[in-house]
Amino acid sequence: RSNELVSASYTLPPDAHRILSVAISMIRQEDKQLHTYRIYTKQLIDFFPALQSDKNAIARLDRATDALM
């Protein structure tokens, strides 16, 4: 990780950090061009147990995506 990424991770809310981690994990070392990656809400909810039991999971993820902009 670069210093900028590490520094930014301290200012992100935990849910935004989770989304960023999933997005980074989708990038492959052999990728030579830019790609569009889609991360679906259901994927995130299924991947993170803390979101599975949260009735406000979609609202939390919506706020998290706003924090990433």
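Visitor: What makes the 11 residues of the largest nonpolar core a core?

Guide: The largest nonpolar core has 11 residues, namely Leu-12, Ala-16, Ile-19, Val-22, Leu-44, Ile-45, Phe-48, Leu-51, Ala-57, Leu-61 and Ala-64, and α2, α3 and α5 each supply at least two residues of this core. The term stands for a set of buried Ala, Val, Leu, Ile, Met, Phe, Trp, Tyr and Cys residues joined through side-chain atoms within 4.5 Å. This is a predicted model, in which local features need pLDDT of at least 70 and side-chain atom pairs count only at pLDDT 80 or more, while totals for chains, interfaces and linings use all residues. Residues are numbered from 1 along each chain as its sequence is written, and side-chain values use heavy atoms, with hydrogens and water left out.

Visitor: Why is Phe-48 called buried?

Guide: Phe-48 has a relative accessible area of 16% and therefore counts as buried, since buried means under 20% relative accessible area, exposed over 50% and partly exposed in between, with a 1.4 Å probe and protein chains only. Phe-47, at 58% relative accessibility, therefore counts as exposed.

Visitor: How do you know that the aromatic pair of Phe-47 and Phe-48 is edge-to-face?

Guide: The centres of the two rings are 4.9 Å apart and their planes stand at 90 degrees, which makes Phe-47 and Phe-48 an edge-to-face pair. Rings of Phe, Tyr and Trp (its six-membered ring) pair if their centres lie within 6.5 Å, and planes under 30 degrees apart count as stacked, over 60 as edge-to-face and the rest as tilted.

Visitor: How do you know that the buried residues of α5 line one face of the helix?

Guide: The buried residues of α5 are Ala-57, Arg-60, Leu-61 and Ala-64. Seen down the axis of α5, these buried residues fall within an arc of 95 degrees, so they line one face of the helix; the arc is that of the directions from the helix axis to the C-beta atoms. The face turned away from the buried side of α5 carries the exposed residues Ile-58 and Arg-63.

Visitor: Is Asp-15 buried or exposed, and what makes it so?

Guide: Asp-15, which lies in helix α2, has 11% relative accessibility and therefore counts as buried.

Visitor: What makes the meeting of the side chains of Asp-15 and Arg-60 a polar contact?

Guide: The side chains of Asp-15 and Arg-60 make this contact at 2.8 Å, and a polar contact is a pair of N or O atoms within 3.5 Å, where within protein one must be able to donate a hydrogen and the other to accept it, and residues adjacent in sequence count only if both atoms are side-chain atoms.

Definitions and conventions:
Helices (H or I, at least four residues) and strands (E, at least two) are DSSP runs, numbered from the N terminus.
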